[in-house]
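Please look over the sequence and the structure before reading on.

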Amino acid sequence: MAGILDLLNSDTGKAIISGVAGSTGQDTSKTSSVLTMALPVLMKAMQRNASTEQGAEGLMGALNKHDGGILDNLGDLFNGGVNTDVVQDGSKILNHVLGNKQQGVEKVIGQKAGMDSGAVADILKTAAPILMGVLGQQKRQSNVSSAGDLSGLLSGLLGGNSTQKEQSFLEQILDADGDGSIVDDVAGMILGNANNSQQKSGGLLGGLLGGIFGKK
């Protein structure tokens, strides 16, 4: 199964990045960096939420509504700017997935991407329904019907062979409390593993390094 970061490197992913950047009035390169960091974080949060029966049922229900149809008309979606219904849906998704961690996550990602946290929020509100569409499409294609199947789907899209350090990276961002102190920890983790990134080709951390520092 292709990972979520593989999607961003595909033609569809490039169209999503370009469309989100244009709709939010942000730089395409910085938007790419934000999405490269944010999408795995959102998926890790979903995986955490889905670890309970109630959380899994809630996510399954949401993915039944977001069946991937949004991906069929990306040109129309971004033409003239994303409509308010999509942005409002994105806001609800972020609130549900991240809860009281949302501002902290946006602040950390903004500082790493060199962007105001408000701009990060705008990007995520636009991108969240698209991410749900991707997950809904994968759910349908993989015939996911149970909490266990759902966990496997999320794990596969995150990178099933990701290391503990990569998982810790995502957990650290999710545990951000908004005071900014986590930024140095996260930066240190990324930079500290930069020399080992070649050994992690295809891994989540390698993908994050590529997105943030422009490595191929």
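Leu42, Ala45, Met46 and Asn49 of H3 are in contact with Leu94, His96, Val97 and Leu98 of H6, where contact means heavy atoms within 4.5 Å. The model is predicted: local features need pLDDT of at least 70, side-chain atom pairs count only at pLDDT 80 or more, and totals for chains, interfaces and linings use all residues. Residues are numbered from 1 along each chain as its sequence is written, and side-chain values use heavy atoms, with hydrogens and water left out. Helices (H or I, at least four residues) are DSSP runs numbered from the N terminus.

**H3 with H6**

- The axes of H3 and H6 come within 9 Å and cross at roughly 55 degrees; axes are lines fitted to C-alpha atoms over the stretch in contact, and angles run from 0 to 180 degrees between N-to-C directions.
- That angle makes H3 oblique to H6, because angles under 35 degrees count as roughly parallel, over 145 as roughly antiparallel, 65 to 115 as roughly perpendicular and the rest as oblique.
- The contact of H3 with H6 has six nonpolar, two polar and no charged residues (Ala, Val, Leu, Ile, Met, Phe, Trp, Tyr, Cys and Pro count as nonpolar, Asp, Glu, Lys and Arg as charged, and the others, Gly among them, as polar).

**H3 with H9**

- Helix H3 (residues 28-49) packs against helix H9 (residues 147-159) at an angle of about 160 degrees, and their axes are 10 Å apart.
- H3 and H9 are therefore roughly antiparallel to each other.
- Their crossing is left-handed, a term used if the near helix is turned anticlockwise from the far one by less than a right angle, with right-handed for clockwise.
- On the H3 side the contact is made by Pro40, Met43, Lys44, Met46 and Gln47, and on the H9 side by Ser151, Leu154, Ser155, Leu157 and Leu158.
- Six of these residues are nonpolar, three polar and one charged.

**H8 with H9**

- Between helix H8 (residues 117-141) and H9 the packing angle is about 120 degrees, with the axes 11 Å apart.
- H8 is therefore oblique to H9.
- The crossing of H8 and H9 is right-handed.
- Leu135, Gln138 and Lys139 of H8 make the contact with Leu153, Leu154 and Leu157 of H9.
- That contact divides into four nonpolar residues, one polar and one charged.

**The cavity**

- One cavity of 30 Å³ or more is found in a search of the whole structure; on a 1 Å grid over the protein atoms alone, a cavity is a set of points where a 1.4 Å probe fits but cannot get out, a pocket is an open set with protein on both sides within 12 Å along at least five of seven lines, and lining residues have an atom within 4 Å of a point.
- The largest cavity has a volume of about 60 Å³, a volume being the space filled by probe spheres set on grid points joined across faces, edges and corners.
- Its lining consists of Leu7, Leu8, Ile16, Leu35, Leu39, Ala127, Ile130, Leu131 and Val134.
- Helix H1 (4-8), H3 and H8 each give two or more residues to this lining, and H8 gives the most, with four.
- The lining of the largest cavity has nine nonpolar, no polar and no charged residues.

**The second largest pocket**

- The second largest pocket has a volume of about 170 Å³.
- Of its 14 lining residues, Leu59, Ala62, His96, Val97 and Met132 are the closest to its centre.
- Two or more lining residues come from each of H3, helix H4 (53-65) and helix H6 (84-98).
- H6 supplies the largest share of the lining, five residues.
- By class, the lining of this pocket has seven nonpolar, five polar and two charged residues.
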